[in-house]
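Reader: Could you help me learn to read a protein structure, one feature after another?
Author: Gladly; let us look at it together.

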Amino acid sequence: MNLKMVHSRLFCVLKTAFKKLEAVSMTLYFTSVLPGLEYILSNEMNNKVSDSEIIQINRGKVFFTTAESFTCLSSLRSADNLFQVIDQFQIGPHKKHLSQVSERIAQLDLDFIDHKYLFWVNASRKGKQTYNRFEVAKKAMEGINKHYPDWNMGTSQNHQIEFRLDIEHHHVIFSLRLTDATFRFRNQTRQFSRASLLPTVAHAMVWLSDPKLTDIFVDPCCGSGTILSERATYPTNRIIGGDISGVVTKIAKSNLEDSKVQVNVWDARELPFSNGCVDKIVTNLPFGRQISPDEDLELFNHHIMNEICRVLKPNGRAVILSESVNQLFWEAKRLGLFCLESYSLSLKGVNPTLFVFEK
Ligand SMILES: C[S@@+](CC[C@H](N)C(=O)[O-])C[C@H]1O[C@@H](n2cnc3c(N)ncnc32)[C@H](O)[C@@H]1O
């Protein structure tokens, strides 16, 4: 299927979803998500949002319907942002077609939005159009002001209500952004270290470990403790983390102050656990870019995989993010670890793989 056919299909699927929604009191949403994590987020959604129906999965986006509240949706910790779809329509590729945007948006009922705040429209565009995204956004804002002349337009830097208008070839999706950066970064007081993981990625890794109340959970290279913090949002037996750097363990401790998580300075190649006593190991190994281990990366991976396998219980699970894709496959094979799943991510310009191994 080529890209145009995919988008055409998406449009039809969303149109059908919109019609169905009119009959029942469901709302159509989409979440943006780090490319590579779409299916993990979908699984989280199926588990946490009871009536959710996944409509379509695109690179970096999951469309779904639900009647659940925003509070329920904000439990989706692998998601970057949440958007409520307001409208979708078709548009031509030339500047003369831009008036369709303002006319269409001027007809929308946006009364459900608290308009005492400043609003803004961010637009994106894929395809061969003769207009740019700023021109589209301007037209959309004109449309809003045509219907609601007393609504005040903000600036790209200063607004409280944000709409999004995404054009993919002929198809337009107009949505309202429901979350800001504090959603995906959890809160503004969290400290990060060099090579800290995004909390959404850390959460996806924890989710893949299948958190259980009885878990003894370990992150052997915990850095600032992002994975440990995400694991601490689910019930557990014990959560333990450690890092070779005293500086980053201090950061991890300050990030985990209110939790029962134990953070140690240790060498992950010699963990203080006896054989076969850990249920889950979730970790982001050094990629050898911002953070390099004190030995050759290949040797480090070899030693750490030996140690992970030693301390894991039979049937225990290890979720590992690494850029050494081939080596990790071979190390796991050598150790008899079974690779249940793997996901290639697009993360800050690199493409590490997320492995799920079982002993
Ligand atoms: C990619 S970072 C982990 C980032 C972490 N997930 C976070 O969100 O902050 C890798 C970490 O491995 C640590 N490290 C390197 N060699 C280690 C070793 N031998 N034992 C334990 N930790 C080690 C580094 O200090 C670094 O903090």
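**Strands, a helix and a loop**

Author: Let us begin with a pair of strands: β1 and β4 pair in the antiparallel sense over 4 bridges. This is a predicted model, in which local features need pLDDT of at least 70 and side-chain atom pairs count only at pLDDT 80 or more, while totals for chains, interfaces and linings use all residues. Residues are numbered from 1 along each chain as its sequence is written.

Reader: In β4, what is the bridge partner of phenylalanine 30?

Author: Two strands pair if DSSP finds at least two bridges between them. Strands (E, at least two residues) and helices (H or I, at least four residues) are DSSP runs, numbered from the N terminus. Here, phenylalanine 30 has phenylalanine 83 as its bridge partner in β4.

Reader: Over how many bridges do β1 and β3 pair?

Author: Strand β1 (residues 27-32) and strand β3 (residues 61-66) pair over 6 bridges, in the antiparallel sense. Leucine 28, for example, has threonine 65 as its bridge partner in β3. Strand β4 (residues 81-90) is also joined to strand β7 (residues 171-177), by 7 bridges, and the two run antiparallel. There, glutamine 88 stands opposite isoleucine 173.

Reader: In what order do the 7 strands form the open sheet?

Author: The order is β2-β3-β1-β4-β7-β6-β5, and the pairing is mixed. The edge strands, which pair on one side only, are β2 (53-58) and β5 (119-126). In a regular strand the side chains alternate between the two faces of the sheet.

Reader: How many residues of helix α7 are buried?

Author: A residue is buried if 20 or more other C-beta atoms lie within 10 Å of its own, exposed if 12 or fewer, and partly exposed in between, with C-beta atoms placed from the backbone. Helix α7 (residues 199-208) is mostly covered, with 10 of its 10 residues buried. Among them are His203, Met205 and Trp207. The cover over these buried residues includes α2 (38-48), α8 (226-231) and β12 (312-322). After α7 comes aspartate 210, whose phi is positive, near 60 degrees.

Reader: Why does leucine 76 count as buried?

Author: Leucine 76 counts as buried because it has 24 C-beta neighbours inside 10 Å. This leucine 76 lies in the loop between α3 (70-73) and β4. Two residues are in contact if their C-beta atoms, placed from the backbone, lie within 7 Å. Leaving aside neighbours within four places in sequence, leucine 76 is in contact with Thr31, Leu41, Glu44, Met45 and Lys48. Leucine 76 and valine 49 are 27 residues apart in sequence, and their C-alpha atoms are 8.6 Å apart in space.

Reader: Into which domains is the protein divided?

Author: Domain bounds come from an automatic or database domain assignment. That gives domain 1 (3-182) and domain 2 (187-358). Their C-alpha centres lie 35 Å apart, and 11 residues of domain 1 are in contact with 16 residues of domain 2.

Reader: And how many helices and strands does the secondary structure come to?

Author: The secondary structure comes to 11 helices and 14 strands. Buried residues make up 40% of the 359 residues in the protein. Along the principal axes, the C-alpha atoms fill a box of roughly 70 × 45 × 40 Å.
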